[in-house]
Amino acid sequence: MGMVKAKISERVDIKGELVVMISGYLDIGNIPVLRELFEKVDEILEVKKGIKLIRIDLMDIRLLDSSVLGYLIKMERKLRDRGVYTIFINPNDDVYRTFVVTGVKEIIPIQKECKCQIGEVYFER
């Protein structure tokens, strides 16, 4: 099991948008970290009712396995049911290829390149 780091930051220049930065190795052993991360996102959504978009920045992901893909799809659907949309941004070529080959790219929006300005950090693990 590899190490995972996660940050949740409110984007400074766009009201109602959250950027979640994840780095490291996302495999089945790190699903508890992702669960904790999305619990923090839920807490922020309860306090900041106007958030309608979450960008999940995958720039520093080294590995993404199928168990994590399933979990991310589940979380995306849960957020969408609350009226919050999710876009995965900045995947490296290997991670992007995983989204394409598994068909996840057809389910969840993915933006290959996105520059985001990060503001205050709410959570870091």
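**A predicted α/β chain and its nonpolar core**

The chain averages a pLDDT of 81, with 79% of the residues at 70 or above; pLDDT is the predictor's confidence in each residue, on a scale from 0 to 100. This is a predicted model, so local features need pLDDT of at least 70 and side-chain atom pairs count only at pLDDT 80 or more, while totals for chains, interfaces and linings use all residues. Numbering starts from 1 along each chain as its sequence is written, and side-chain values use heavy atoms, leaving out hydrogens and water.

Where pLDDT is low, the predicted coordinates should not be read in detail.

As for the overall layout, there are 3 helices and 6 strands, in the order β-β-α-β-α-β-α-β-β from the N terminus. Helices (H or I, at least four residues) and strands (E, at least two) are DSSP runs, numbered from the N terminus. Of the contacts between residues at least 6 apart in sequence, 73% join residues at least 24 apart. Of the 125 residues, 45% count as buried, meaning under 20% relative accessible area with a 1.4 Å probe, protein chains only.

The largest nonpolar core holds 31 residues, and Ile54, Leu64 and Phe99 have the most contacts inside it. Strands S2 (17-26) and S3 (53-64) and helices H1 (31-47), H2 (66-81) and H3 (93-102) each give two or more residues to this core. Such a core is a set of buried Ala, Val, Leu, Ile, Met, Phe, Trp, Tyr and Cys residues joined through side-chain atoms within 4.5 Å. Leaving aside neighbours within four places in sequence, Phe99 is in contact with Leu58, Leu64, Leu69, Phe88, Val104, Lys105 and Ile110.

In H1, the buried residues are Ile31, Val33, Leu34, Leu37, Phe38, Val41, Asp42, Ile44 and Leu45. An α-helix has 3.6 residues a turn, so residues three or four places apart point the same way.

Not counting residues up to four places away in sequence, Ile73 touches Val104, Ile107 and Ile108. The C-alpha atoms of Ile73 and Ile108 are 7.3 Å apart, although 35 residues separate the pair in sequence.

Technical notes
Buried means under 20% relative accessible area, exposed over 50%, partly exposed in between (1.4 Å probe, protein chains only). Contact means heavy atoms within 4.5 Å.
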